[in-house]
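Hi everyone, thanks for coming.

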Amino acid sequence: MAETTLQEARATGSARLEWALVAIGIAALIAAPFFFYPVFLMKMLCFALFACAFNLLLGYTGLLSFGHATFFGGAAYFCAHAVKVWGWPPEAGILLGTAGAAVLGLVMGFFAIRRQGIYFAMITLALAQMFYFFCVQAPFTRGEDGIQGVPRGHLFGLLDLSQPHNIYYTVLGIFLIGVFAIWRIVNSPFGMILKSIRENESRAISLGYSVANYKLAAFVMSATLAGLAGATKALVFQFATLTDVTWQMSGEVILMTLLGGIGTMVGPIVGAGLVVTLQNTLATSGFPVTIATGLIFMVCVLVFRRGIVGEIYARLLTSVGTGKKE
Amino acid sequence: MTMIFGIPIQAFLGQLLVGLINGSFYAMLSLGLAVIFGLLRVINFAHGAQYMFGAFVGYLLLTYLGIGYWPALILAPLVVGIFGMVVERLALSKLYSIDPLYGLLFTFGLAQVIEGIFRYYYGVSGQPYSAPVQLGGGVNLGFMFLPVYRGWVVVASLIVCLGTWILIEKTRLGSYLRAATENPTLVQAFGVNVPLLLTLTYGLGSALAGFAGILAAPVYQVSPLMGSDLIIVVFAVVVVGGMGSILGAIVTGYMLGLAEGLTKVFYPEASNLVVFVIMAVVLLVRPAGLFGRDA
């Protein structure tokens, strides 16, 4: 009995600690543009949301998609096209991009969930490559040039997004809404079913859950949120190019998630921050980025599969010794 | 001029030949993937990089040591195979006990590193590598002109595919291999060195990729990026064929290459997409793949 209360006390204690850390993190993000270059921070936020969306699928449903660039880059194209060519306001552009990503997710998910594990990864990769070839040839993407000079416009007709701080806080708001949505999904009864599918798919089926529908739903949600990140990125950088739909981009988001910690809330954010920082540092040094990211990939897989945040969690749990283990 | 479906027969046969050559490479590469996957349960994402590596070994041998095509045809697969065995020993062998997805991720990282290194030293532009004089020129078959080297690619790939099939299905070593695929513990209990078998298998799969690379060097240019897009098409080939059978991988490779060639004749815009479309249709009709056994 005493032990249980002690455990409960520790649980509430660590929950409080987590909330405190979240509050500190948000405060730091609010203060950050006064100390760092806002475009760099916004790039980080977009990729962090992208990685979190990806983690919803890999970390909480156990499905490794190798095609998430389709949703990220596809949404960027849709948003950029709507804002630049049709003259839509930014919020409508982002909504269209996100909705477009959801549709793409529905189509890709419909095919991919027919196979499991390694085949799932290969199918998503192949379908994403198909979308890439589509983007190369479709006239509205403007091929190698991409859609450039996308105006940021005024949010809801009021807020001038060409001002660095205005767009930064808009992006931060979108990021927080997205991450909150993922947190709600993961901690809902729906999220529990997703985890049960990850842990033991056959058992979930035998319990009467229509696993295929749940997988598809998780896939579409993940794609939608990845699209939200991609559409936002198009407004931040004011362009949408082929880079965002390549399979290298799909690999990048896997690396961010793996490095930070698969199946943790904060891990993908940390991973995205590190990878983006690394890319920015290496871009000026002349050392090829792909070699560095490839090496990190190999090291992570060989010795560091829990990722940074996952490793910290594991250390904390063993040092506290409450016996609560994964 | 003779026409077929409203298209000059020369153009038709020409594209069919291009399709057959692409199919030869699809077949060799998906065969290598199937061999590796069969025993190791690893999807070798580095297969495209190893293919590129093979082509570069040929190019480097010629440029720096003056070693020509014929020795390179043996040396390139050997180098890539040995490289593969070292990788398997040092890294992949540590990953067999965990989720096979990690093998995919590891080889993905490996592919990035290999490609990054070659890109760093040789840029993204292709290096020319000419066919040996014995295989230069072409023959007029009456209905079309056939460059000799292209014919050689088809013949060589058929020989290699057939040879690999015989090795696995008809020899004693192959029977060990197939047995170890079914039940590694039992095979080890019979005194077969299964870890060695795994290393050799990965070496063989890598060597196949290396051979495809050197074979491709005179057809396409030798470039650091030559393997990275190809490998994804090969993945689609593998999904269509199913990785259950060696023969299935070979047949599907040639079939999809031909399908691609045919599409180029009738609707060129879709030729990049056709393999993926076929994959989607196969997934709808027969999710296990054309030759697959698992559900």
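What is the chain made of over residues 101–122 of chain B, and how far apart are the end C-alpha atoms? Across that stretch the chain is 100% helix and 0% strand, and its end C-alpha atoms lie 31 Å apart. Please keep in mind that this is a predicted model.

Now, I picked that stretch from a record. UniProt, in an unreviewed entry, gives the feature "transmembrane region" for chain B at residues 12–39, 73–92, 101–122, 149–168, 189–218, 230–258 and 270–289. Take residues 12–39 of chain B as another example: here too the chain is 100% helix and 0% strand, with 40 Å between the end C-alpha atoms.

How far does the predictor trust all this? For chain B the mean pLDDT is 86, and 96% of the residues reach 70 or more. Within chain B, helix α3 (residues 69–90) has the highest confidence, at a mean of 92, while strand β1 (residues 3–4) has the lowest, at 65. For the complex, the predictor reports an ipTM of 0.83 and a pTM of 0.86.

Let's move over to chain A. Its secondary structure amounts to 13 helices and 2 strands. Chain A has a radius of gyration of 20 Å, close to the 20 Å from the globule rule for 326 residues, so chain A is as compact as a globular protein of that length. The C-alpha trace of chain A spans about 65 × 50 × 40 Å along its principal axes, and 48% of the 326 residues in chain A count as buried. Among contacts in chain A with a separation of 6 or more, 77% are between residues 24 or more positions apart.

Next, the place where the chains meet.

A:Glu18 counts as exposed because it has 12 C-beta neighbours inside 10 Å. From A:Glu18 to A:Val301 is 283 residues in sequence and 27 Å in space, C-alpha to C-alpha.

Thanks, and I'm happy to take questions.

Definitions and conventions
Residues are numbered from 1 along each chain as its sequence is written. Chains are lettered from A and ligands numbered from 1 in the order in which they are written. This is a predicted model: local features need pLDDT of at least 70, side-chain atom pairs count only at pLDDT 80 or more; totals for chains, interfaces and linings use all residues. A residue is buried if 20 or more other C-beta atoms lie within 10 Å of its own, exposed if 12 or fewer, and partly exposed in between; C-beta atoms are placed from the backbone. UniProt positions are given in the numbering used here, feature names are shortened, and annotations may be inferred rather than shown by experiment. Helices (H or I, at least four residues) and strands (E, at least two) are DSSP runs, numbered from the N terminus. pLDDT is the predictor's confidence in each residue, from 0 to 100. The radius of gyration is taken over C-alpha atoms; the globule rule is 2.2 Å times the number of residues to the power 0.38. Two residues are in contact if their C-beta atoms, placed from the backbone, lie within 7 Å.
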